[in-house]
Amino acid sequence: MTGQENQKTPDSNTDGYAEELRILEAVLFAAKEPVPLKELAEHLPEERREDTDDIVKMLQFRYEGRGVGLVYRDGAWAFRTAPDLAGKLPGRGLWVTADR
């Protein structure tokens, strides 16, 4: 064994939610405004709606350390520019936050 088999990666931590992650990712990327959790849940199959919070957190984990991140602010979720890149994108009108 190389030891890599037990390492956690964003894709190894989805617990059978691959399709739900894709759905919420698409909804959030297409949204013009941040999306409340209740509205995100409406896009999932009924039997998965109670897991919406966990699924969103899995998606948030997937984007950690990237150029965009999934952030929670003012009661809703949205993809936003990573805070450490804010100074490199002046004048773009981007909502940058480290809040979760």
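Q: Which residue in β2 is the bridge partner of Y72?
A: That's W77. This is a predicted model, by the way, so treat the pairing as the predictor's version.

Q: And what stands opposite V68 in β2?
A: V68 faces T81 there.

Q: How many bridges join β1 to β2, and which way do the strands run, parallel or antiparallel?
A: Six bridges link β1 (residues 68-73) to β2, and the two strands are antiparallel. They make a hairpin that has two residues between the strands.

Q: What's up with phi of D74?
A: D74 sits in the loop between β1 and β2. Its phi is near 55°, which is a positive value in a residue that isn't glycine.

Q: Is D74 buried or exposed?
A: Exposed, because its relative accessibility is 75% and the exposed class starts over 50%.

Q: How far is D74 from V35, going by C-alpha atoms?
A: The separation is 10.0 Å, for two residues that are 39 apart along the chain.

Q: Back to β2: how many of its residues are buried?
A: Five of the six, so strand β2 (residues 76-81) is mostly covered.

Q: Switching to helices. At what angle do α1 and α3 cross?
A: Roughly 75°, with the axes of α1 (residues 18-30) and α3 (residues 52-62) coming within 10 Å. Since 65 to 115 degrees is the range for roughly perpendicular, that's what α1 is relative to α3.

Q: Which residues meet where α1 touches α3?
A: From α1 you have E20, L21, L24, E25 and L28, and on the α3 side they meet T52, I55, V56, M58, L59 and R62. By type, the contact has seven nonpolar residues, one polar and three charged.

Q: Why would spots three or four places apart on a helix point the same way?
A: Because an α-helix has 3.6 residues a turn.

Q: OK, which residues of α3 are buried?
A: T52, I55, V56, M58, L59 and Q60.

Q: And what covers the buried residues of α3?
A: The cover includes α1, α2 (37-41), β1 and β2.

Q: Let's zoom in on L28. Where is it found, and is it buried or exposed?
A: L28 belongs to helix α1. It counts as buried, because its relative accessible area is 5% and the buried class is anything under 20%.

Q: What does L28 touch, beyond residues up to four places away in sequence?
A: Its contacts are V35, L40, L59, L70, W77, A78 and F79. W77 is also the bridge partner of Y72 that we began with.

Q: Zooming out, what order do the elements run in?
A: Starting at the N terminus, α-α-α-β-β. That's three helices and two strands.

Q: What share of the protein is buried?
A: Buried residues account for 29% of the 100 residues.

Q: And what share of the contacts join residues at least 24 apart?
A: 47%, counted among contacts between residues at least 6 apart in sequence.

Q: Last thing, confidence. What does pLDDT average, and where does it stay under 50?
A: The average is 84, and 76% of the residues score at least 70. Residues 1-10 stay under 50, and the model gives that stretch five contacts beyond four places in sequence.

Methods
Residues numbered from 1 in each chain as written. Predicted model: local features only at pLDDT ≥ 70, side-chain atom pairs only at ≥ 80, totals over all residues. Heavy atoms only, no water. Axes fitted to C-alpha atoms, helices over the stretch in contact; angles between N-to-C directions. Helix = DSSP H or I, 4+ residues; strand = E, 2+ residues; numbered from the N terminus. Parallel < 35°, antiparallel > 145°, perpendicular 65-115°, else oblique. Contact = heavy atoms within 4.5 Å. Nonpolar A, V, L, I, M, F, W, Y, C, P; charged D, E, K, R; others polar. Buried < 20%, exposed > 50% of the residue type's maximum accessible area, 1.4 Å probe, protein only. Pairing = 2+ DSSP bridges. pLDDT = per-residue confidence, 0-100.
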